[in-house]
Number of protein chains: 2
Amino acid sequence: MQTLIDGILSRRSIRQFTGESIIEDDLNIIIRAGMAAPSSMNSQPWAFVIVTDKTILAILCKKLPYAKMLDKAGAAIIVCGDSKEESWVVDCAAATENILLAAHVLGYGAVWTAVYKNESRIEPVRKECKIPKDMIPLNVIPIGVPVEKNVKPIEKYKESKIHRNIW
Amino acid sequence: MQTLIDGILSRRSIRQFTGESIIEDDLNIIIRAGMAAPSSMNSQPWAFVIVTDKTILAILCKKLPYAKMLDKAGAAIIVCGDSKEESWVVDCAAATENILLAAHVLGYGAVWTAVYKNESRIEPVRKECKIPKDMIPLNVIPIGVPVEKNVKPIEKYKESKIHRNIW
């Protein structure tokens with residue numbers, strides 16, 4: 001299973017999509033990966049809105065300044081957290097990383113565009129997708145067929161960020 | 001690379017270790033996976049303390065109520081975030097998920113034990129490992145050789161957590 005490591009190391013944020021759709025079965029695998037994340041006391045304080053409706057994607061594209069790639073995305077996944085659970089932010093972040101990895105390994109590109117804690121982004125997302133008040137959209141993840149294939153990953157390893165026993 | 005999906009779906013939290021050490025090269029791969037996570041504006045607001053010193057592991061075991069498995073862990077990774085960066089919590093959570101996945105695929109067991117936001121856990125971790133004031137330990141991840149091999153993953157997929165376009 002060495003390829004899991006390869007998948008982690010070769011994933012990068014992809015922002016240019018062809019406009020093609022995402023295969024429905026692939027979306028299900030991607031969401032299943034998200035739900036496999038760990039969570040505090042196994043609370044699973046998440047929910048996922050899969051947006052494939054072109055009208056909604058266009059509105060979100062217009063309202064979210066850092067999600068302009070939505071206009072060519074095949075889908076977007078909105079990761080929402082249950083604000084009643086103390087750990088919702090980290091648990092939903094772990095689920096998001098699984099989603100990004102799964103999308104990558106299935107040949108798609110994806111990028112984490114932050115929504116929380118910015119009220120000017122939370123509100124339009126909540127309104128368009130009718131997300132209930134106790135659920136908070138952590139991010140919007142546009143997913144698409146990448147324009148450029150096999151993009152070289154960015155090397156982010158830095159020895160200086162590792163400490164042994166004592167900082 | 002289908003095995004990345006298998007790795008995500010088969011990982012689970014492991015809390016019983018044999019007491020054996022972790023191969024040094026494996027620790028490096030695990031940390032490298034952590035650093036491959038996405039981060040807001042590529043800020044990489046993380047640092048990692050790798051603890052293999054048995055005395056420090058024993059002290060952390062004593063001080064952290066939910067990390068008692070440290071007494072049989074081969075190592076622990078403390079994921080720290082730069083509190084000056086707004087996104088440090090979610091970025092470090094994504095790095096943590098990569099660490100958990102990499103440990104799993106290399107045959108180890110690991111578990112996310114939360115430190116932040118609990119001051120009674122942050123302080124002893126900070127003190128023992130001399131973590132500087134602007135860095136915050138998000139969690140301690142005990143890693144070890146699992147007592148039980150090939151533990152069956154928990155099925156966490158729930159259709160009820162998926163919404164299509166509109167909640």
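# Briefing on a Predicted Two-Chain Model

In helix H3(A), the residues Ile56(A), Leu57(A), Leu60(A) and Cys61(A) are buried. Seen down the axis of H3(A), these buried residues fall within an arc of 140 degrees, so they line one face of the helix. The structure is a predicted model.

**Helix H3 in both chains**

- The face of H3(A) that is turned away from the buried side carries the exposed residues Thr55(A) and Lys62(A).
- Helix H3 of chain A covers residues 54-63, and Lys62(A) has its place there.
- Lys62(A) counts as exposed because its relative accessibility is 71%, where exposed means over 50%.
- In chain B, Leu60(B) belongs to helix H3, which covers residues 54-63.
- Leu60(B) counts as buried, because its relative accessibility is 0%.
- Leu60(B) and Glu85(B) are 25 residues apart along the chain, and their C-alpha atoms are separated by 27 Å.

**A positive surface patch**

- Lys62(A), Lys63(A), Lys127(A) and Lys130(A) form a positive surface patch.
- One of these residues, Lys130(A), lies in the loop between H5 and strand S5 (135-144) of chain A.
- Lys130(A) is exposed, with a relative accessible area of 55%.
- Lys130(A) also has a positive phi, near 55 degrees, although the residue is other than glycine.

**Salt bridges between the chains**

- Side chains of opposite charge can pair when their charged atoms come close.
- Over all chains, a search of the whole structure finds twelve salt bridges.
- One of them is formed by Glu24(A) and Arg164(B), whose closest N and O atoms are 2.6 Å apart. This pair crosses between chains, from helix H2 (residues 24-35) of chain A, which holds Glu24(A), to strand S6 (residues 162-164) of chain B, which holds Arg164(B).
- Glu24(A) counts as partly exposed at 39% relative accessibility, and Arg164(B) counts as partly exposed at 35%.
- Arg32(A) forms a salt bridge with Glu155(B), with the closest N and O atoms 3.5 Å apart. This pair also crosses between chains: Arg32(A) is in helix H2 of chain A, and Glu155(B) is in the loop between strand S5 (135-144) and S6 of chain B.
- Arg32(A) is partly exposed, with a relative accessible area of 30%, whereas Glu155(B) is exposed, with 58%.

**Salt bridges within a chain, and a network**

- In chain B, Glu123(B) forms a salt bridge with Lys133(B), and the closest N and O atoms are 3.9 Å apart. The pair links distant parts of the chain, ten residues apart: Glu123(B) is in helix H5 (residues 119-129), and Lys133(B) is in the loop between H5 and S5.
- Glu123(B) counts as partly exposed at 33% relative accessibility, whereas Lys133(B) is exposed, with a relative accessible area of 63%. Asp82(A), Lys84(A) and Asp134(A) are joined into one network by salt bridges that share partners.

**Backbone features**

- The peptide bond from Tyr116(A) to Lys117(A) is cis, with omega near 5 degrees.
- Lys117(A) is found in the loop between strand S4 (113-114) and helix H5 (119-129) of chain A.
- In chain B, a cis peptide bond joins Tyr116(B) and Lys117(B), with omega about 5 degrees.
- Lys117(B) lies in the loop between strand S4 (113-114) and H5 of chain B.
- Asn42(A) is not a glycine, yet has a positive phi of about 50 degrees.
- The loop between H2 and strand S1 (46-51) of chain A contains Asn42(A), which is partly exposed, with a relative accessible area of 39%.

How values were computed
Residues numbered from 1 in each chain as written. Chains lettered and ligands numbered in written order. Predicted model: local features only at pLDDT ≥ 70, side-chain atom pairs only at ≥ 80, totals over all residues. Heavy atoms only, no water. Patch = residues over 30% accessible without salt bridge, like charges linked within 9 Å, V, L, I, M, F, W, Y side chains within 5 Å. Areas by Shrake-Rupley, 256 points an atom, 1.4 Å probe, with all protein chains shown as cover. Salt bridge = Lys/Arg side-chain N within 4 Å of Asp/Glu carboxyl O. Lys, Arg positive; Asp, Glu negative; His and termini not counted. Charge placed at Lys NZ, Arg CZ, Asp CG, Glu CD. Helix = DSSP H or I, 4+ residues; strand = E, 2+ residues; numbered from the N terminus. Buried < 20%, exposed > 50% of the residue type's maximum accessible area, 1.4 Å probe, protein only. Arc of directions from axis to C-beta.
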